[in-house]
Amino acid sequence: MNDRKRKLSKAILDMKFMKKTKDKVEKELEKKETEDLFSSQITDEMKFGKNFIIEPSIARCKELINGRLSFNGMNPEIEREMFADKEGATTSSAPQTKSADVSDMEMAKYQMSITNTVAKKFQKKNERHSKVNVRPNKKVKFLKPNDDD
């Protein structure tokens, strides 16, 4: 018996409704090609085990330094990065304290103003106008000017 799958023609795969199938077939071909290329390098333990890390660069494995260097203040940005790389392990373990830009009282006042604004927004219309336009019951009469001339 023949274990090979039947291949669809390119014209059929190019049809609009076959787009998903075409993508699937292309992925299968790509996977097969990569397995054929790297079959001598990849072991069964690497294929099925999960106890390895893939690194894109050998620099981290061999503990190499960053490629860009600067000395005597020639490039301060790179010097800061160099210093951060050297001191990265010690500073990451120590907790960092942040200084407050705004005092607690200012923050509380700000929060109250926001709360009041939102509360006003959700008041009923007649409640909003009654608090804004509070008038005494007594009408103000017009006062005539004095004729002391």
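How many nonpolar, polar and charged residues are in the lining of the second largest pocket? I opened the notebook with that one. I am working from a predicted model.

**Entry 1: second largest pocket**

I counted by class and got 4 nonpolar, 1 polar and 2 charged residues in this lining. I then listed the residues. Leu-64, Ile-65, Asn-66 and Leu-69 line the pocket, along with Met-82, Asp-85 and Lys-86. By class, Asp-85 and Lys-86 are charged and Asn-66 is polar. I noted a volume of about 160 Å³ for the second largest pocket.

**Entry 2: largest pocket**

I went on to the largest pocket, where the volume comes to about 500 Å³. It has 11 lining residues, and I looked up those closest to the centre: Lys-5, Lys-7, Val-25, Glu-28 and Leu-29. Which element gives the most to this lining? I found that α2 does, with 5 residues. By class, I recorded 6 charged, 4 nonpolar and 1 polar residue in the lining of the largest pocket.

I picked out Leu-37 and placed it in helix α2, which runs over residues 19–38. Is Leu-37 buried or exposed? I read a relative accessible area of 64% for Leu-37, so this residue is exposed. The cut-off for exposed is over 50%.

**Entry 3: α2 again**

Conventions
Residues are numbered from 1 along each chain as its sequence is written. This is a predicted model: local features need pLDDT of at least 70, side-chain atom pairs count only at pLDDT 80 or more; totals for chains, interfaces and linings use all residues. Side-chain values use heavy atoms; hydrogens and water are left out. Helices (H or I, at least four residues) and strands (E, at least two) are DSSP runs, numbered from the N terminus. Buried means under 20% relative accessible area, exposed over 50%, partly exposed in between (1.4 Å probe, protein chains only). On a 1 Å grid over the protein atoms alone, a cavity is a set of points where a 1.4 Å probe fits but cannot get out, and a pocket is an open set with protein on both sides within 12 Å along at least five of seven lines; lining residues have an atom within 4 Å of a point. Grid points are joined across faces, edges and corners, and a volume is the space filled by probe spheres set on the points.
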